[in-house]
Amino acid sequence: MAAIPVILWFTWYESRLNSFIAALLYAVVSATDFLDGWLARRKNLVTVIGKFLDPLADKLVVMAALIMLVHLGRVAAWVVIVIMAREFIINGLRTIAMSEGIVIAAGQEGKYKTAIQLVGIVFLLLHYKYPVDFVVATVDVDANAVGTDLLYLSLFFSVWSAWKYFADFVKAVYRQDGAAQPPPR
């Protein structure tokens, strides 16, 4: 979370170099977030505070970057609104599920969403065109266009994973509560 102001500073003071540094910092922060969670699970060092702080840090880094990108006109506001709404809905459902003793595992769709969103934001932070050598030819890759396409793709997985999570939540509630019956068809 401490890296958020630094990433925002380099994004705000926009230049080719600063955009590259912001994208690099964002990628490093995202990679270390993945690694520390993986290590904690592997070494059996999962703590209650870690369960709270890890997803909070993930969301804060993503939301801070997306809000700055909206401010700079690189991302449409409605995209960020849909992403934020999805996160609030899933966190609300997760809280209710936990209070009822229901465990709903994260689906593969949500993992696709996270990975594609991360790469998309890195490209959006890069922002400029960069020549990329594809062995047979060198092509100018528009990082902003690639990032926008990836963010739209992640939006699809975001909505799909939210729908699946909601459906799994409803199934788990009706399965747990024998008195409750699903509505008639």
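**Helices, strands and contacts**

User: Which residues of H3 are buried?
Analyst: Ala57, Val61, Val62, Met63, Ala64, Ala65, Leu66, Met68 and Leu69 are the buried residues of H3. Buried means under 20% relative accessible area, exposed means over 50%, and partly exposed lies in between, using a 1.4 Å probe and protein chains only.

User: And what sort of model is it?
Analyst: The model is predicted, so local features need pLDDT of at least 70 and side-chain atom pairs count only at pLDDT 80 or more, while totals for chains, interfaces and linings use all residues. Residues are numbered from 1 along each chain as its sequence is written, and side-chain values use heavy atoms, with hydrogens and water left out.

User: How many helices and strands are there?
Analyst: Six helices and two strands. Along the sequence their order is α-α-α-α-α-β-β-α. Helices (H or I, at least four residues) and strands (E, at least two) are DSSP runs, numbered from the N terminus.

User: How much of the protein is buried?
Analyst: Buried residues account for 32% of the 185 residues. The C-alpha trace spans about 65 × 40 × 35 Å along its principal axes.

User: Back to H3. What span should its 24 residues have?
Analyst: They should span 34 Å at 1.5 Å a residue, and the end C-alpha atoms are 35 Å apart, which agrees. The expected span of a helix is 1.5 Å times one less than its number of residues. After H3 comes Gly73, which has a positive phi near 75°.

User: What about H4?
Analyst: H4 covers residues 77-99, and its first and last C-alpha atoms are 33 Å apart, close to the expected 33 Å. Its buried residues are Val79, Val80, Ile83, Arg86, Glu87, Ile90, Leu93 and Ala97.

User: Which residues touch the most other members of the largest nonpolar core?
Analyst: In that core of 24 residues, they are Tyr26, Leu66, Val75, Ile83, Ile121, Leu125 and Leu151. The elements giving two or more residues to this core are H1, H2, H3, H4, H5 and H6. H3 gives the largest share, seven residues. A nonpolar core is a set of buried Ala, Val, Leu, Ile, Met, Phe, Trp, Tyr and Cys residues joined through side-chain atoms within 4.5 Å.

User: How many salt bridges does a search of the whole structure find?
Analyst: Five. A salt bridge is a side-chain nitrogen of Lys or Arg within 4 Å of a carboxyl oxygen of Asp or Glu.

User: Where are the partners Glu14 and Arg74?
Analyst: Their closest N and O atoms are 3.1 Å apart. Glu14 is in the loop between H1 and H2, and Arg74 is in the loop between H3 and H4, 60 residues apart. Glu14 is partly exposed at 36% relative accessible area, whereas Arg74 is buried at 5%.

User: Which residue meets Glu87 in a salt bridge at 3.2 Å?
Analyst: Lys113. Lys113 is in helix H5 and Glu87 is in helix H4, so this pair ties together parts 26 residues apart in sequence. Lys113 is buried at 4% relative accessible area, and Glu87 is buried at 7%. A network of salt bridges links Lys59, Arg86, Glu87 and Lys113.

User: How far apart in helix H6 are Lys164 and Asp168?
Analyst: They are four residues apart, which means a separation of about one helical turn. Their salt bridge has its closest N and O atoms 3.4 Å apart. Lys164 is partly exposed at 33% relative accessibility, as is Asp168 at 23%.

User: Now the strands. In which sense do S1 and S2 pair?
Analyst: S1 (residues 129-133) and S2 (residues 138-142) pair in the antiparallel sense over five bridges. Two strands pair if DSSP finds at least two bridges between them. Tyr130 stands opposite Val141 in S2.
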